[in-house]
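Please look over the sequence and the model below, and then read the short report that follows.

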Amino acid sequence: MSQNNKKRSWKGMLMTLTLVFALVVTGCGAGSDNNAGETKEGTKTEAKKDNSKVVATYEGGQLTENEFNKEIAIRSIFDPQSAQLLQIEQFREHFAKETIAYKYLAEKATDKAKEEGKKKANEQIDAIKKQLGDEQFKKMLEAQKVTEAEMRDFTARILTVVADMNQKVTDEQLKAEFEKVKNEMTTASVRHILVQFKPEGGKERTKEEALKIAKGYEARLKKGEDFAKLASEVSEDGGSKANGGLYADAQVGQWVPAFKEAALTLELNKISEPVETEYGYHVMRVEKRTEKQFDKLTEEEMNMVRATAATQYMDKFMKDELPKLIKKLELPPVPQPEAPKAEEPKAEQPKAEQPADNKEADKPAAGTEADKPAE
């Protein structure tokens with residue numbers, strides 16, 4: 001059982017890309033126009049003229065059907081799960097509005113943000129390319145009919161907006177945002193024993209049955225049994241059993257709410273009563289807890305807090321300003337899979353005519369043994 005329960009937020013491409021890049025990498029300006037792309041080295045690449053239907057117009061620009069489909073293809077590379085969502089009209093409209101928002105905001109971004117967005121995009125794509133290998137990276141792009149230049153332009157546009165939004169965050173806003181999320185950034189060392197409601201390979205338990213077992217472990221621990229030894233023997237959490245039930249120096253924000261709350265509030269080094277989560281009952285002991293201090297944040301942590309604060313600007317823009325900018329939005333229908341072609345009926349083969357007299361049909365053919373004279 002994994003305690004990891006990080007929630008995905010439908011904040012659009014900004015959050016999708018920043019989370020994807022954060023996982024892939026430790027640690028142009030605003031995008032492409034219709035007629036040319038730009039590679040990492042800055043050389044222009046010719047592109048076919050886009051004569052497809054204009055599906056959206058907004059103040060200062062437009063979105064064509066080909067562009068929209070290309071955005072969907074690139075989005076699907078970064079977030080394959082979105083490919084299914086984008087078959088639903090509601091999400092396609094939301095995605096189109098996001099696309100317009102990022103195109104518009106990238107154009108309005110400062111030169112500094114554009115430079116930073118392009119630089120970071122190249123770093124991120126290079127890192128993904130290195131991780132996958134050239135051949136796999138090429139196959140990934142070909143599967144969605146996307147070029148590397150198009151992928152770099154898309155990423156540069158998103159990260160340009162991220163950089164521009166981040167630059168708007170004041171020190172006061174940064175500190176205020178930290179106060180909201182500091183509990184999520186608290187680290188703790190928690191040892192626990194899990195009694196599952198649905199043990200792997202075993203019979204499903206009622207809550208009463210699971211609680212009775214957990215209470216038994218609680219009693220044994222309070223009598224002095226070694227927690228690590230007992231956890232390694234009986235815990236049903238595969239993620240920590242081999243380590244004596246211990247999650248060491250982990251951010252509590254990654255855990256499910258009830259487990260996180262217990263990790264934040266339990267008295268140190270005390271055996272807890274069973275704590276219920278969606279997985280079962282946990283007998284816990286918090287062995288260490290370290291609260292984050294604003295002035296002790298690492299650069300990476302500070303950037304994450306800043307990015308969270310910056311989403312407020314995007315939320316406000318999407319809610320209050322974007323609707324006024326869009327003049328027309330007529331998306332193409334969701335592409336339907338082609339129905340399999342029905343097989344053409346085979347022509348019936350003509351049957352050989354049978355003699356009218358059945359006796360004739362029983363006669364042996366000429367040249368057979370029957371035709372030979374008797375000796």
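Which residue in β8 is the bridge partner of V275? The model in which this can be looked up is a predicted one, and in it the bridge partner of V275 is H282.

## The sheet

Strands of a sheet pair through backbone hydrogen bonds, and this pairing is either parallel or antiparallel. Here, four strands form an open sheet in the order β6-β5-β8-β7, and their pairing is antiparallel. Because β6 (246-251) and β7 (275-276) stand at the edges and each has a single partner strand, one side of each is left without a neighbour in the sheet.

The partner of β7 is strand β8 (residues 280-290), with which β7 pairs in the antiparallel sense over two bridges.

## Helix α7

## How α4 and α7 pack

Two packed helices are described by the angle between their axes and by the distance between the axes. For helix α4 (residues 89-108) and α7, the angle is about 65° and the axes are 9 Å apart, while the crossing of α4 and α7 is left-handed.

On the α4 side the contact is made by T99, Y102, K103, L105 and A106, which meet R157, I158, T160, V161 and M165 in α7. By kind, the residues of this contact divide into six nonpolar, two polar and two charged.

How values were computed. Residues are numbered from 1 along each chain as its sequence is written. This is a predicted model: local features need pLDDT of at least 70, side-chain atom pairs count only at pLDDT 80 or more; totals for chains, interfaces and linings use all residues. Side-chain values use heavy atoms; hydrogens and water are left out. Two strands pair if DSSP finds at least two bridges between them. Axes are lines fitted to C-alpha atoms, for helices over the stretch in contact, and angles run from 0 to 180 degrees between N-to-C directions. A crossing is left-handed if the near helix is turned anticlockwise from the far one by less than a right angle, and right-handed if clockwise. Contact means heavy atoms within 4.5 Å. Ala, Val, Leu, Ile, Met, Phe, Trp, Tyr, Cys and Pro count as nonpolar, Asp, Glu, Lys and Arg as charged, and the others, Gly among them, as polar.
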